Amino acid sequence: MERIPPILMDFPHSFETERLWIRLPLPGDGEKVYEAMVETEELLRQWMPWAQTPPSKEQTEINVRQAHSKFLERTDLRFHLFHKETKDFVGSSGLHRIDWSVPKFEIGYWCRKSYMRQGYITEAVRGLSVFAFEILKANRVEIRCDQRNVRSRKVAERLGYRLEGILRNFQVSPDRQLENTCVYAMIAEDFYSLSLRKSGGASM
């Protein structure tokens, strides 16, 4: 069967979880994203390349618009997380390193300081997992993180992602350490046996 070119794929650009409205980046988001980055950069410097030299407000808006374009092209699917009640920008996640031939994706995420330790990233990643498997018909979704990043590892483990291996001395981390990279993964069979939707997944 001939595959549809990714750019012609139609699927929702937003969805909701219990507390979050999760949508594609839109022009104008840059100011809110910039404020969250400034608030959180010190805590993320160890893990995030952008936190080493935080971009300016203008550079952040440019990045947001580039992410918007990539979303429409289906080459990278970044999502912005907003609190449904306060309308605050909570953080960013998304489906990256896409291979539509499988299809497979890698979920990345970060949370702003004032919303940390409240379960928002776990909630968002659960929702994105539902989106990937049920809407995009994923066969594989990965979460990769530094072995030292205990919080990120707990998100993956909490949701039932399996640790398939640790890539030793895989790359140099943003804090210039030689990094062992954990590779967590979920395949379609795992997802449907875990029933993540029933435990608080996404609603389209």
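Over the face of which residue does Arg 74 lie, and at what distance from the ring centre?

Analyst: Arg 74 lies over the face of Phe 11, at 4.0 Å from the ring centre, where a charge counts as over a ring if NZ of Lys or CZ of Arg is within 6 Å of the ring centre and within 35 degrees of the ring normal. This is a predicted model, in which local features need pLDDT of at least 70 and side-chain atom pairs count only at pLDDT 80 or more, while totals for chains, interfaces and linings use all residues. Residues are numbered from 1 along each chain as its sequence is written, and side-chain values use heavy atoms, leaving out hydrogens and water.

Phe 11 also belongs to an aromatic cluster, together with Phe 15, Phe 71, Phe 79 and Phe 131. Another charge over a ring is that of Arg 19, whose charged end sits 3.8 Å from the centre of the Tyr 120 ring.

In total, the structure holds 14 aromatic pairs (ring centres of Phe, Tyr or the six-membered ring of Trp within 6.5 Å; planes under 30 degrees apart are stacked, over 60 edge-to-face, the rest tilted). Among them, Phe 82 and Phe 89 have ring centres 5.7 Å apart and planes at 75°, so this pair is edge-to-face, and both residues are buried (under 20% relative accessible area, with exposed over 50% and partly exposed in between, using a 1.4 Å probe and protein chains only). Phe 191 and Tyr 192 are likewise edge-to-face, at 4.9 Å centre to centre and 80° between the planes; here Phe 191 is buried at 2% relative accessible area, whereas Tyr 192 counts as partly exposed at 46%.
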